[in-house]
Amino acid sequence: MKKFVLLHYGFEKPTPEIMAAWGKWFESMKDRIIDMGGHFTGGREISKDGTRDLPLGRESITGFTIVSAESLDDAERIAQSNPFITSIRVYEVMSK
């Protein structure tokens, strides 16, 4: 099995309905989870041009989950069942 990072995008204040949907999603794939990850709050972007604060909004990365899957297509199927706020991006973690 390979490892994939699911990056969760889009912030909305969590409602009980949103939290219940996320809980069901995590439960449905618990045997595939390597790291449940976490939710992000404020952050900063550091570049050659300096540093800027990153607000939470619809375009923000708001969390991540690491899962095991056979392929990128398999990881995509896992992501598609997520009750995402805006979107999820899936990346394969390079093996050593």
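The protein contains 2 helices and 6 strands, where helices (H or I, at least four residues) and strands (E, at least two) are DSSP runs numbered from the N terminus. The structure is a predicted model, in which local features need pLDDT of at least 70 and side-chain atom pairs count only at pLDDT 80 or more, whereas totals for chains, interfaces and linings use all residues. Residues are numbered from 1 along each chain as its sequence is written, and side-chain values use heavy atoms, with hydrogens and water left out.

The C-alpha atoms fill a box of roughly 40 × 40 × 20 Å, taken along the principal axes. Of the 96 residues in the protein, 30% are buried; here buried means under 20% relative accessible area, exposed means over 50%, and partly exposed lies in between, as computed with a 1.4 Å probe on protein chains only. Among contacts (heavy atoms within 4.5 Å) between residues at least 6 apart in sequence, 79% join residues at least 24 apart.

Four strands form an open sheet in the order 2-5-1-6, with antiparallel pairing, two strands being counted as paired if DSSP finds at least two bridges between them. Strand 2 and strand 6 (87–92) each have a single partner strand and stand at the edges, so one side of each is left without a neighbour in the sheet. Neighbouring strands of this sheet are turned by 15° against each other on average, direction ignored; for such angles, axes are lines fitted to C-alpha atoms, for helices over the stretch in contact, and the values run from 0 to 180 degrees between N-to-C directions. In general, the strands of a sheet pair through backbone hydrogen bonds, in either a parallel or an antiparallel manner. Strand 2 and strand 5 are joined in the antiparallel sense over 4 bridges, and Ile-33 has Val-67 of strand 5 as its bridge partner. Helix 1 lies across strand 1, strand 2 and strand 5, and runs at about 175° to strand 1.

A further antiparallel pair is formed by strand 3 (residues 43–47) and strand 4 (residues 50–54), which are linked over 5 bridges. A hairpin of 2 residues joins strand 3 to strand 4, and Ser-47 stands opposite Gly-50 in strand 4. Another bridge partner in strand 4 is Asp-53, which faces Arg-44. The C-alpha atom of Asp-53 is separated by 33 Å from that of Arg-77, although the two residues are 24 apart along the chain. Arg-77 itself lies in helix 2 and counts as exposed, at 52% relative accessibility.

The largest pocket has a volume of about 370 Å³. On a 1 Å grid over the protein atoms alone, a cavity is a set of points where a 1.4 Å probe fits but cannot get out, whereas a pocket is an open set with protein on both sides within 12 Å along at least five of seven lines, and lining residues have an atom within 4 Å of a point. Grid points are joined across faces, edges and corners, and a volume is the space filled by probe spheres set on the points. The largest pocket is lined by 24 residues, of which Pro-14, Met-19, Trp-22, His-39 and Thr-62 lie nearest its centre. At least two lining residues come from each of strand 1 (2–9), helix 1 (16–28), strand 2 (33–39) and strand 5 (61–69). By residue class, the lining comprises 13 nonpolar, 10 polar and 1 charged, where Ala, Val, Leu, Ile, Met, Phe, Trp, Tyr, Cys and Pro count as nonpolar, Asp, Glu, Lys and Arg as charged, and the others, Gly among them, as polar.

Individual residues illustrate the surroundings in other parts of the chain. Asn-82, in the loop between helix 2 (72–80) and strand 6, is buried, with a relative accessible area of 5%. Leaving aside neighbours within four places in sequence, Asn-82 is in contact with His-8, Trp-22, Trp-25 and Ile-88. Ser-68, in strand 5, is also buried, with a relative accessible area of 13%, and, when residues up to four places away in sequence are not counted, Ser-68 touches Met-1, Lys-2, Arg-32, Ile-34 and Ile-78. Glu-92, by contrast, lies in strand 6 and is partly exposed at 42% relative accessibility; with the same exclusion of residues up to four places away, Glu-92 touches Lys-2, Lys-3 and Phe-4.
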